[in-house]
Amino acid sequence: MTELYPVQLTVNGMAYARTIEPRLLLSDFLRHELGLTGTHVGCEHGSCGACTVLMDGQAVRSCILFAVQADGHEITTVEGLAANSARLHPLQEAFRAAHGLQCGYCTPGFLMTLIPFLEENPTPSEAEIRDALSGNICRCTGYQNIVDAVLKVEIGD
Amino acid sequence: MATRYFGQPIKRNEDPRLLTGQATFTDDVHLPEMLHVAFYRSPYAHARIRAVHTEAARAMPGVVAVYTADDLGAYWQPGPLLVPPPPVKEIIFNPRMQVPLARDKVRFVGEPVAVVVAENRYLAEDAAEQIHLDVEVLPAVVDLEQALTPAAALVHDDLDQNLNAHVIQRKGDYTRARQQADIIIQRKLRYDRGTAAALENRGIVAHWEARNQQMTIWDTTQAPIPIRNGLAGMLGLSEKQVRVIAPFIGGGFGPKIMMFYQEEVLLPWISMRLNRPVKWIEDRQENFYATTQERGQVHWAEMALTRDGKILGVKDVFLHDAGAYAPYGLTVALNSQCTLLGQYDVAHYYSEFTSVFTTKPIVTPYRGAGRQHGVFVMERLLDIAAKELDIDRVEMRRRNLIPPDKFPYSNEIIYQDFAPLTYDSGNYLPALARAVEMIDYERFLREEQPRLRAAGKHVGLGIVTYVEGTGIGPYEGAKVTVEASGRVSVATGIGTQGQGHFTSFAQIVADQLGVTPEQVRLVTGDTAEFYWGAGTFASRGAVVAGNAIHAAALAVRRKILKKASDELEVDEEDLELVDGAVRVKGSPQTAIKLGDLAVRANPMRGAVKPGTEPGLEATDYFGPERGATASGVHAMIVEVDPETMMIEILRYVVVHDCGAVINPMILEGQIHGGVAQGIGNAFYEQLVFDEHGQLLNASFMDYLLPTADTVPRIETDHVETRSPLNPLGIKGAGEAGAIPVGPLFAQAIEDALHDANLEILEIPLSPSRLYELVAEAK
Amino acid sequence: MKPAPFAYFAPRSLDEALALLQEHGYEAKLLAGGQSLIPAMNFRLAQPAALIDINRIDALSFLEPASDGGLRIGAMTRQRTVERSALVAERAPLLHATMPFIAHMQIRNRGTLGGNLAHADPASELPAVMVALGARFRLQSQRGARWVNAADFYVGLFATTLEADEMLVEIAVPPLPPRTGWSIQEIARRRGDYAIVGVAATATLNADGRCHAARLVYLSVGEGPIQAHDAVAALHGQAPTAAVIAAAMRGASQRIEPLGDIHATPAYRRQLIEVLGRRALTEAFARVQPT
């Protein structure tokens, strides 16, 4: 057993302090230490994008980051998007309206990839959307309805 | 029937939970004192085991137990045969099933050999790394055509060759048809392996509670009820002591219905042994070996035709790769055999297959489940015949389609449900005509393509047809209950993996009971909620469970009307179910809310009349006499860069007929997703095994799933030919999108590279492979 | 797919990091972006005894104009920062155009310029681009610092001239010479995949429109960035017409010996070497701005 490290970080606006093994992946830390199981794990080698979360506002893959690296940083997961399931974030609403999800396993990763993308580029073209989503794999939808959700979404402030 | 919600693109009930990260998947289950499991898997494709050394692993920190086959005692048994052999004359069938942990031999890379239980998964993997397997390495059996030669090593030592099964089926007399033919087209065609790669890997949590003598299992299975029944038997428990929950599942596509995976057998046993909850979550690397795969076949096919393009008969002899064990019987190969004739009126058919054991992962159905191969063979032969006879390829198909007055149409041979293959209904010409119109076939060939070719572009068109046998039995059931709140609960036994059952089934119930789909809460995949059923496979969920739910909802409707008639003292015929209430037609102020009626049907005082049941609840079942046959046409236009062989799909059209449509939005989604998997299968995905049976691309870096930039926009339209086999008139749709994409790519790419004299007889393709094929054709 | 245990260090200063590197040598791995290292650790293909996480050394993250008209870039500058930099777009357009080819946005948010270059993956775009641009790398250890040309830095498969105690700390990208154009071409199966073949080109014309100098640097065709010296030699002094470029590439592609793998046969790679080389040179020459 290796030495444990103390970490302090903010997740969805809540402060957490834990003592962890340095090899603990951020995805496992969020899911199993903090119980935030909305972040899903699809490949654990940084290829499928399901585990995408925001680190200081930037989309990153939590399966290829160690939780110790998030010490002092701010993480946002899918649980941080909507206040509750009755009041969805506009992007979540758009996914629902366009049928942009089927099994829903990849969906949190798509949402978290799109949040910073749309902040930077609120009215993207279809080609830009497809390019931005090329690092997220969905095995159910064929992407078309996801792309349509993004084309139709309007995120107010 | 006042149809209001059936047929509407209702937004899905399950989405808010999924979108907010609040839906429970198997790996989200966390129990106090839970232990974690990792497997030590064979690094060899084929070897005799001398010893499994686990001492070092047992001594690792955090390790609670390490088990090998020897530790399992009498629990060590080969798995059951899931599907018995079909009732076909002179069949040879050698079933050999997987074992929980390899004992004498390992037969594929990734076969479980030992299992480590530790305080967390990290520690379990540390310990698994310390296990050492002492073996005599045996020659791998990789190539299908080599597998049956005398030189091949034996995968199962008790067989005298690697023969899993041999089946011949006949319709008419092909030999006679061949004699009458003007032309015979003969080709050898190959289809290679891929993997379903559901984004969620498999996983199991088993929790034995000794105090309650109760076993609860969360399992990423498509078939929770058969899993419960089987595990109860293996564990020596009553079925009532075992509860299997298939929670939200991150995609199934077939392999999640395999029974029984080695891990499924072991986790509950470990939990009982240690009296603690245990969890195993398959990782992506394991998934490439431990989850079943599909698609390896080699066909020698021929088609006999008249000179005006009428098919007289088809002969097809093929090898099917079963992998190391064959627990799923012959379903995949039978599907290939039974789907091959497709939409065409063929009087004479000879089909012979040999299923062979190889030292590769186990083969069981994956979306399409063998249908791809049949469609590939037939459509390719038609394309080649059309070229040879100089007949337009659409015209070639038109001349051979089964005419609408020939339904039900018998193909005589035995299908995967063991009933003779009979198409229940169909109307193929309008769908083909619609696809031709949508892709603008005539104009493309007459104007567009010559113009593009003159400009140096290589753009081609493909158009192919297919059928899909769907909605087979045996049966499903459902229980529908009106609760005191006026809300309706529905329980059914099938699992759900993203098909939208929470919504489409709610629509069926809502129409019968006069409520909204949001007021219908569906529970599926929990054996504590519904006892009977088979599972989600073979595009049968909507057809079989949907009709069972319809039947149960109708029964509740009858109860509601009867009770309300008594309460309101009005004839049943004068009542209607609207807005969550029963009311008198033309006099809506005389009404009773469903919830109030439910309370009155379940009173605290007074008496429930003899001969009636309390509450507003009913259970019913549906079992179709045979499967319903869906059909469709795919067309696409593709541009190929002849220097790099990179492709761009410019248009993709699907015209589909799956009978009555419950929710067109969900149906479109199924088609989009199927096409995406078909595109992967045709041009991106291939499992590459070397001569030692080692898989060379067991990662998402090297196994290429289609991405948002490789899947085009898909244009869809529908033709509706209701199925006479079920009251709702529906046919399954889950697999259709994936089935005909291989031959579509082949035809369109040949057309694009028209000057290369190319004949594509294999799937999957890739730019590198195309470059090779073009070089060979020169 | 969980990594094996390791000792973890998170130095705040370069001195501290170099001391740790001196102490642990090849037993330790530097953790920069980790976007190649951590996947390898999850597969347990890499099991370093220690990780020295250099993400907290602010001094290694900078991107500024150099006095020669080029750029100075700190090794820990995120790829996404390079991608979004107007300064990079202006002073090193080839580098700027290359960034979107590297994996995906989530990876580039984390991945660093120095980490990618030091990893020396033969399928990676950036080493080839740095060789094409004539970039120089500053390597530092407790013993001191030295500058190495990108072309000399790569010595084999995942191999560089970095000593066990050395760290790549800065990249100097020179300005493009006058009358120089550039191109980056690659064939990847999907957006963001490792290229089957890729090539970076720079091409300089003399005053009368003939080829004065060029660099054509391939990725994914050998053990590191592979320069097509023959093609460049064949172009020298020639007007870069389509026929001249095509002829130069036909010869050159025969002298590179690419390997086959599951994605491409050697013959297909050789074809792409020729086709992409031709396209890259054509585009690079076409991009030359007359002065």
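Trainee: In this predicted model, how many salt bridges does the rule find across the interface of chain A and chain C?

Mentor: A pair is counted when a side-chain nitrogen of Lys or Arg is within 4 Å of a carboxyl oxygen of Asp or Glu. The side chains of A:D131 and C:R191 meet in this way, with 2.4 Å from N to O. Across the interface of chain A and chain C, the number of salt bridges found by the rule is 5.

Trainee: Which element gives the most residues to the side of chain A that touches chain C?

Mentor: Between chain A and chain C, 18 residue pairs are in polar contact, both residues of a pair being at pLDDT 80 or more. Two or more residues of the side of chain A that touches chain C come from each of β3 (52-55), β4 (58-61), α3 (107-120) and α4 (126-132) of chain A. With 4 residues, the element of chain A that gives the most to this side is β4(A).

Trainee: What area do chain A and chain C bury between them?

Mentor: The interface brings 34 residues of chain A into contact with 30 residues of chain C. Of the area that is buried, 54% lies on carbon and sulfur atoms. For chain A and chain C together, the buried area is about 2,600 Å².

Trainee: What radius of gyration does chain C have, and why does it agree with that of a compact globule?

Mentor: The secondary structure of chain C comes to 12 helices and 14 strands, and its C-alpha trace spans about 60 × 45 × 30 Å along the principal axes. Of its 291 residues, 59% count as buried, while residues 24 or more positions apart account for 61% of the contacts with a separation of 6 or more. Because a compact globule of 291 residues would have a radius of gyration near 19 Å, the value for chain C agrees, being 19 Å.

Trainee: Is C:E166 buried or exposed?

Mentor: C:E166 lies in the loop between β9 (159-160) and β10 (167-173) of chain C. Its side chain makes a polar contact with the side chain of C:R146 at 2.7 Å and reaches the backbone nitrogen of C:E163 at 2.8 Å; beyond four places in sequence, the residues that C:E166 touches include C:L21, C:L139 and C:T161. Because a residue under 20% relative accessible area counts as buried, the 6% of C:E166 makes it buried.

Trainee: What is the relative accessible area of B:V556?

Mentor: B:V556 lies in helix α15 (residues 541-568) of chain B. Leaving aside neighbours within four places in sequence, B:V556 is in contact with B:V480, B:V482, B:L513, B:L616, B:E617 and B:A618. B:V556 is buried, and its relative accessible area is 0%.

Trainee: Where does A:D56 lie, a residue other than glycine with a positive phi?

Mentor: Phi of A:D56 is near 50°. A:D56 is partly exposed, with a relative accessible area of 44%. Its place in chain A is the loop between β3 and β4.

Trainee: Which residue is joined to B:P764 by a cis peptide bond?

Mentor: B:P764 is found in the loop between β30 (762-763) and α19 (767-777) of chain B. With omega at about 0°, the peptide bond is cis, and the residue that it joins to B:P764 is B:I763.

Methods
Residues numbered from 1 in each chain as written. Chains lettered and ligands numbered in written order. Predicted model: local features only at pLDDT ≥ 70, side-chain atom pairs only at ≥ 80, totals over all residues. Heavy atoms only, no water. Contact = heavy atoms within 4.5 Å. Buried area = accessible area lost by both parts, 1.4 Å probe. Polar contact = N/O pair within 3.5 Å; in protein donor to acceptor, adjacent residues only side chain to side chain. Rg over C-alpha atoms; globule rule 2.2 N^0.38 Å. Buried < 20%, exposed > 50% of the residue type's maximum accessible area, 1.4 Å probe, protein only.
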